[in-house]
Amino acid sequence: ESEREKLNIKRLPVTLIEALDAMKNTSPVNTWFGQTFLESYLAVKYSEIEKVKDDDETSLCNRYRNIF
């Protein structure tokens, strides 16, 4: 860990929530996608996370199988 800090190497997000939070707080992302799109995308993704938070693995797989 300390060697990474010395080299200014940041750990990649481990969870989807961490990745979305990082995405939201990364200025190049705001430039690439634009504020309106980014806000909409993040709202949808956070909503999806909320809807499946209590699903077990089988339920989650079934939910996505039915969608896709």
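**Entry 1: Thr 31.** I started with Thr 31, which counts as exposed because its relative accessibility is 64%. For my notes, buried means under 20% relative accessible area, exposed over 50%, and partly exposed in between, with a 1.4 Å probe and protein chains only. I found Thr 31 in helix H3, residues 27–33. Helices here are DSSP runs of H or I with at least four residues, strands are runs of E with at least two, and both are numbered from the N terminus. I also checked Thr 31 against Thr 15: they are 16 residues apart along the chain, and their C-alpha atoms are separated by 24 Å.

**Entry 2: what I am looking at.** This is a predicted model, in which local features need pLDDT of at least 70 and side-chain atom pairs count only at pLDDT 80 or more, while totals for chains, interfaces and linings use all residues. Residues are numbered from 1 along each chain as its sequence is written, and side-chain values use heavy atoms, with hydrogens and water left out.

**Entry 3: the whole chain.** I counted five helices and zero strands, in the order α-α-α-α-α. The radius of gyration is 16 Å, whereas a compact globule of 68 residues would have one near 11 Å. That radius is taken over C-alpha atoms, and the globule rule is 2.2 Å times the number of residues to the power 0.38. The C-alpha trace spans about 45 × 30 × 20 Å along its principal axes. Of the 68 residues, 12% are buried.

**Entry 4: helix H4.** Next I went to H4, residues 35–52. Its 18 residues reach 26 Å from first C-alpha to last, close to the 26 Å expected at 1.5 Å a residue; the expected span is 1.5 Å times one less than the number of residues. Which residues of H4 are buried? I noted Leu 38, Leu 42, Lys 45, Ile 49 and Val 52. Seen down the axis of H4, these buried residues fall within an arc of 105°, so they line one face of the helix. The arc is that of the directions from the helix axis to the C-beta atoms.

**Entry 5: the other side of H4.** Here I found Thr 36 and Lys 51 exposed. Thr 36 counts as exposed because its relative accessibility is 63%. Thr 36 and Lys 51 are 15 residues apart along the chain, with 23 Å between their C-alpha atoms.
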